[in-house]
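Got your viewer open and a selection tool ready? Here is a walk through the model, one stop at a time.

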Amino acid sequence: MDNDDKPIGTILNRRKVLAALGLGGLAGVGGLLGQKADAQNTLPSCIVRPALTEGPYFVDVQLNRSDIRSDPTSGIVKAGVPLSLRFVVSRVSASGCTPLPGAMVDIWQCDAQGLYSGVQDRFADTRGQKWLRGHQITDAQGVAQFTTIYPGWYPGRTVHIHFKIRYQNRDFTSQLFFDDALSDRIFANPPYAKSGTRTRNANDGIYRNGGSQLLLNLTQSGSGYAATFDIGLNL
């Protein structure tokens, strides 16, 4: 990331939301994606997303791919419950949320046992490996699609996936979170099962800074799950 990268897409308070949409007289918050707020006091849901810390495991691998499960050098494919993750990226303006094409969406995450590729830490040395990392460029509808696995966990953090959106030398970084009850069921089986005490959402210091607005709504999809995540950037 360049040193002059600028933040975009930070969470807006009620006054800024209304000002961005030209709706200073409305009282309500929450509502319909891609539409201007109406008399029912609704606002586009795409804008209510907080930025969160990048963390220590970001590696700018510049790996343009939709399926991030494998290592491009060794061909090793990380095992886990399949997860189809669809980002819908929008631009916030006075007319509401409109699709933002041409944005780079990066995701990176740990594997089923809580390890990241491309780093050395107290758990492992995976330098040179690139599994569970990659980016896509949003299409004309602002969509970037990934195939990955349900992430595992490691001590001190709740279950999460990191993401970064870059657009015209600007940068927005945050994290996605998962329902604890679903994680309990998935982690009871291989390749996730392991000893130790997992940090839950309510006890995660990063989740407490807005994680409920970054919680994925998963639906069953074949042998795995699928989710769509809407986010608007205040450019």
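Start by selecting strand 4 (residues 104-108) and strand 5, which pair in the antiparallel sense over 5 bridges. Strands here are DSSP runs of E, at least two residues long, and helices are runs of H or I, at least four, all numbered from the N terminus; two strands count as paired if DSSP finds at least two bridges between them.

A word on ground rules: this is a predicted model, where local features need pLDDT of at least 70, side-chain atom pairs count only at pLDDT 80 or more, and totals for chains, interfaces and linings use all residues. Residues are numbered from 1 along each chain as its sequence is written, and side-chain values use heavy atoms, with hydrogens and water left out.

Stay on this pair and pick Val105: opposite stands Gln136 in strand 5. Now colour strand 5 (residues 133-137) by burial; 4 of its 5 residues are buried, so the strand is largely enclosed by the rest of the structure. (Buried means under 20% relative accessible area, exposed over 50%, partly exposed in between, using a 1.4 Å probe and protein chains only.)

Next, jump to strand 2 (residues 82-93) and strand 3 (residues 96-99), another antiparallel pairing, over 4 bridges. A hairpin of 2 residues links them, and Val92 faces Cys97 of strand 3.

Most residues other than glycine have a negative phi, and most peptide bonds are trans. Go to the loop between strand 7 (160-167) and strand 8 (170-177), where you will find Gln168. Gln168 has a positive phi of about 50° without being a glycine, and is exposed at 63% relative accessible area. Asn169, in the loop between strand 7 and strand 8, has a positive phi near 65° and is partly exposed at 36%.

Then select Pro190 and Pro191, which are joined by a cis peptide bond with omega about 0°. Pro191 sits in the loop between helix 2 (180-187) and strand 9 (219-221).

Which residues touch the most other members of the 41-residue largest nonpolar core? Show Leu85, Phe87, Tyr150, Phe163, Ile165 and Leu218. Such a core is a set of buried Ala, Val, Leu, Ile, Met, Phe, Trp, Tyr and Cys residues joined through side-chain atoms within 4.5 Å. Strand 10 gives this core its largest share, 5 residues.

Zoom in on Tyr150: leaving aside residues up to four places away in sequence, its contacts (heavy atoms within 4.5 Å) include Leu83, Phe178, Leu182, Tyr192 and Leu218. Last stop: a second, separate core of 7 residues, among them Tyr57, Phe58, Trp108 and Cys110.
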